[in-house]
Amino acid sequence: MNPPMVRLLTLLTVKALASAIPATLFLFFVSDYFLASRTPASMLLLTYFVSALVGIALWQRPLARLGPHRVMTTAMVMGCLSFVWVLLLAHDGLIGFAIVCVLTGLALGAELICPALLIGQGLQATPQSLGSNQSATIFGRWQLLAKCSLAAAAGLCLPGLALLGYQPGTSEGLQGLLWVYAGLPCLLKLVAIGLQSKIPTTPLPQ
């Protein structure tokens, strides 16, 4: 793989990890930090994914006009600015958290459709060096890296939270849970935004 493709897969992996951490800890956070039952937790999760579905439709026009590079950057900034407010929510801030779920879900819509387009643009930029088999290999590597991000989030977050004193089902270590759930993903998203700024924008077809 050429260096631009390596950088692209790196930023997509960092972004995937930033999304995988709150996905892994969502039920723990809602039930222990907000003391919510499974019913509101399920409704919040449904709100998030419905917002993502709406976001996929809403991002289509900006995507055609600006291209996946700018749309991805905009969506990551939007997601980061929305999600960081979780750090300021009190234990009775479930309504505020619902608003965050809507905004981050809308941003997720773009983050779901842009990676494949960015990889496709990267492949088109170097057609002379990549055959169809190699292109399929790169998409396969991206899928593997995305799944590794989910595995890493599940395998590292809970043991890490235990070291911070968090005990599921109790009020112990809730500050550690808050910062791992919301603070760490925002930090990783900022790293991904920085990596994307180093990748040249492919001109849109005329």
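Biologist: In which sense does α4 pass α7, left-handed or right-handed?

Modeller: The crossing of α4 past α7 is left-handed; a crossing is left-handed if the near helix is turned anticlockwise from the far one by less than a right angle, and right-handed if clockwise. Helices (H or I, at least four residues) are DSSP runs, numbered from the N terminus. Please note that this is a predicted model, in which local features need pLDDT of at least 70 and side-chain atom pairs count only at pLDDT 80 or more, while totals for chains, interfaces and linings use all residues. Residues are numbered from 1 along each chain as its sequence is written, and side-chain values use heavy atoms, with hydrogens and water left out.

Biologist: At roughly what angle do the axes of α4 and α7 cross?

Modeller: The axes of α4 (residues 68–83) and α7 (residues 174–197) cross at roughly 155° and come within 9 Å. This makes α4 roughly antiparallel to α7. Axes are lines fitted to C-alpha atoms, for helices over the stretch in contact, and angles run from 0 to 180 degrees between N-to-C directions. Angles under 35 degrees count as roughly parallel, over 145 as roughly antiparallel, 65 to 115 as roughly perpendicular and the rest as oblique.

Biologist: Which residues of α4 and α7 meet?

Modeller: From α4, the residues are Pro 68, His 69, Met 72, Thr 73, Met 76, Val 77, Cys 80 and Phe 83. Their partners in α7 are Tyr 181, Ala 182, Pro 185, Cys 186, Lys 189, Leu 190, Ala 192, Ile 193 and Gln 196. Contact means heavy atoms within 4.5 Å. The residues of this α4 and α7 contact divide into 13 nonpolar, 3 polar and 1 charged. Here Ala, Val, Leu, Ile, Met, Phe, Trp, Tyr, Cys and Pro count as nonpolar, Asp, Glu, Lys and Arg as charged, and the others, Gly among them, as polar.

Biologist: And Lys 15, does it count as buried or exposed?

Modeller: Lys 15 counts as buried because its relative accessibility is 6%; buried means under 20% relative accessible area, exposed over 50%, partly exposed in between (1.4 Å probe, protein chains only). Lys 15 lies in α1 (residues 3–33). Not counting residues up to four places away in sequence, Lys 15 touches Met 72, Met 76, Glu 111, Pro 115, Lys 189 and Ala 192.

Biologist: At what angle do α1 and α7 pack?

Modeller: α1 and α7 pack at about 160°, with their axes 9 Å apart, and are therefore roughly antiparallel to each other. Their crossing is left-handed. The residues of the contact of α1 with α7 divide into 22 nonpolar, 2 polar and 3 charged.

Biologist: What about α1 and α2, at what angle do they pack?

Modeller: The angle between α1 and α2 is about 135°, and their axes are 10 Å apart. That makes α1 oblique to α2. α1 passes α2 in a right-handed crossing. Phe 26, Leu 27 and Val 30 of α1 make the contact with Arg 38, Ala 41, Leu 44 and Leu 45 of α2. Those residues divide into 6 nonpolar, no polar and 1 charged.

Biologist: Where is Leu 35 placed?

Modeller: Leu 35 is in the loop between α1 and α2. Leu 35 has a positive phi of about 55° although it is not a glycine. With 71% relative accessibility, Leu 35 counts as exposed.

Biologist: Changing topic: which residues touch the most other members in the largest nonpolar core?

Modeller: Of the 57 residues in the largest nonpolar core, they are Leu 8, Leu 25, Phe 29, Val 86, Phe 97, Ile 119 and Tyr 181. A nonpolar core is a set of buried Ala, Val, Leu, Ile, Met, Phe, Trp, Tyr and Cys residues joined through side-chain atoms within 4.5 Å. At least two residues of this core come from each of α1, α2 (38–58), α4, α5 (94–125), α6 and α7. α1 gives the most, with 15 residues.

Biologist: Which residues does Val 86 touch?

Modeller: Leaving out residues up to four places away in sequence, Val 86 touches Phe 29, Phe 97, Val 100, Leu 178, Tyr 181 and Ala 182.

Biologist: Last one: where does Leu 63 lie?

Modeller: Leu 63 lies in α3 (residues 60–66) and is buried, with a relative accessible area of 11%. Beyond four places in sequence, Leu 63 touches Pro 68, Val 71, Ile 113, Cys 114 and Leu 117.
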